[in-house]
Amino acid sequence: MVTIKRIISGISAVAVAVFPFVSMSDQPDEVRIAKFKGDCAAAVSFTFDDNMRDQDDVAVPMLERYGFHGTFFVVAGVTPDTKEEAAKKKAGEHGSIGWDRLKELAAAGHEIANHSWTHANLPKSDDANLEQEVNRAYERITEKIGVAPLSFCYPGNGYDDRVRKLVMQRHVADRTFQDAYGGKDFTAELANKRIDDAILDGKWLVGMIHGITTGYEPFTSPEIFEGHLKYVKSLEAKVWVDTFANVSRYIQERDASKLAAVIVPGKAVFTLTCPLDPVRYNVPLTVVIPVKGKVSKAIARRSGAEKELPVRLCGEKLLVDAVPSEEPVTVTWIAEP
Ligand SMILES: [Zn+2]
């Protein structure tokens with residue numbers, strides 16, 4: 001993360017003259033990139049493995065009730081085309097959500113991601129089979145969903161350097177750590193404590209979910225998951241909930257980007273430059289601008305762009321969400337003491 005001290009020499013005298021209601025000493029001294037979107041203390045992604053049907057029937061309505069998006073890691077080679085074909089499978093079987101429904105989930109903002117072609121043990125697969133497990137699945141998902149998958153999760157969480165190297169040729173994120181949700185000893189208290197710990201530690205929590213009511217490691221009751229989501233929602237000022245690919249890309253962009261900023265009372269100009277491929281790494285980063293006084297009329301605009309960028313006041317800071325780009329962003333606001 002880059003923190004740039006404000007640059008005021010030569011500008012401050014002019015700025016004070018233009019904005020006489022705010023003295024320079026009222027301005028805290030740094031513009032920074034937030035650790036997580038919205039300057040949240042923690043992030044959480046809910047990931048669902050093996051496209052089991054009750055993830056859709058039971059968990060998706062819960063996620064949508066709270067405005068959350070999940071990541072669905074699908075086993076591409078066993079996924080049927082239609083709901084009718086999917087209905088012939090048991091609810092807890094790999095591939096029991098069909099492509100037509102997965103496409104609807106993608107359109108609703110959920111992430112459809114790669115969990116291999118047949119759920120094979122990848123470190124034990126020879127090169128030809130590994131290629132099929134990773135890239136044939138990648139191509140099938142791209143064809144069926146209409147967009148290429150960004151994330152990969154290893155069957156049985158098994159990988160080595162050879163496997164990972166191939167996966168990362170085409171994906172931008174792979175799941176290499178996770179906390180299992182579900183099973184007979186799993187409680188809402190346990191799940192909620194993980195969120196509390198993530199906030200304390202400033203971490204990204206990746207929940208791994210299989211069965212909801214049936215299949216592998218289901219919850220003893222779906223209400224456990226619902227209660228947990230409700231708890232997470234109650235902490236929305238502190239916890240950013242988003243898909244695996246979005247949080248992963250945020251972190252990668254955040255760590256690779258350089259922020260240059262100039263701040264004077266009532267105005268800040270910054271550029272966020274990132275060396276990563278802008279086609280795939282296009283998740284907005286939150287830039288935090290310190291402000292004092294009673295702030296109103298904050299506007300953020302990128303040079304040459306018609307549309308304003310999202311900006312919101314949060315205590316004594318303005319939060320601006322901007323995709324990294326060479327084009328500078330100008331933020332203006334009115335502050336009364
Ligand atoms: Zn799996």
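**Note on the predicted model: salt bridges, zinc site and domains**

1. Lys-193 has a relative accessibility of 47% and therefore counts as partly exposed; the classes are buried under 20% relative accessible area, exposed over 50%, and partly exposed in between, with a 1.4 Å probe and protein chains only. This is a predicted model, in which local features need pLDDT of at least 70 and side-chain atom pairs count only at pLDDT 80 or more, while totals for chains, interfaces and linings use all residues. Residues are numbered from 1 along each chain as its sequence is written, and side-chain values use heavy atoms, with hydrogens and water left out.

2. Lys-193 forms a salt bridge with Asp-197, with 2.9 Å between the closest N and O atoms. A salt bridge here requires a side-chain nitrogen of Lys or Arg within 4 Å of a carboxyl oxygen of Asp or Glu. Both residues belong to helix 7 and stand four residues apart, about one turn of the helix. Helices (H or I, at least four residues) and strands (E, at least two) are DSSP runs numbered from the N terminus. Asp-197 is partly exposed, at 28% relative accessibility.

3. Helix 7 spans residues 188–201 and also holds Asn-192. Asn-192 is buried, at 16% relative accessible area. Its side chain makes a polar contact of 2.8 Å with that of His-228. The term polar contact denotes a pair of N or O atoms within 3.5 Å; within protein, one must be able to donate a hydrogen and the other to accept it, and residues adjacent in sequence count only if both atoms are side-chain atoms. Setting aside residues up to four places away in sequence, Asn-192 touches His-228 and Tyr-231, where contact means heavy atoms within 4.5 Å.

4. Asp-179 is partly exposed, with a relative accessible area of 29%, whereas Arg-194 is buried, at 18%.

5. In the whole structure, 20 salt bridges are found. Among them, Lys-233 and Glu-236 meet through their side chains at 3.1 Å, N to O. Lys-233 is partly exposed, with 30% relative accessibility.

6. Which residues coordinate the zinc ion? The donors are Asp-50 (OD), His-115 (NE2) and His-119 (NE2), at 2.0 to 2.1 Å. Asp-50 lies in the loop between strand 3 (42–49) and helix 2, and His-115 in the loop between strand 5 (111–114) and helix 5 (127–145), so the pair ties together parts that are 65 residues apart in sequence. The spacing of the donor residues along the chain is D-x64-H-x3-H. Asp-50 and His-115 are both buried. Donors are N, O and S atoms within 2.8 Å of the metal (3.2 Å for Na, K and Ca); water is not among the atoms, so sites may look incomplete.

7. Arg-53 lies in helix 2 (residues 53–65). Arg-53 is buried but has no salt bridge, and the nearest side chain of opposite charge, that of Asp-57, is 4.2 Å away. For charge, Lys and Arg count as positive and Asp and Glu as negative, with His and the chain ends not counted. The Arg-53 side chain reaches the backbone oxygen of Ala-86 at 2.7 Å. Beyond residues up to four places away in sequence, the contacts of Arg-53 include Ala-87, Lys-90 and Ile-97.

8. Lys-90 is located in the loop between helix 3 (83–87) and helix 4 (99–107). Is Lys-90 buried or exposed? With a relative accessible area of 63%, Lys-90 is exposed. Apart from neighbours within four places in sequence, Lys-90 is in contact with Arg-53 and Ser-96. The C-alpha atoms of Lys-90 and Asp-54, 36 residues apart along the chain, are separated by 9.9 Å.

9. For the overall architecture, the protein has nine helices and 18 strands. It is divided into domain 1 (3–39 + 257–336) and domain 2 (42–236), with bounds from an automatic or database domain assignment. The C-alpha centres of the two domains lie 36 Å apart, and four residues of domain 1 are in contact with nine residues of domain 2. The C-alpha trace spans about 75 × 40 × 35 Å along its principal axes. Of the 337 residues, 47% are buried.
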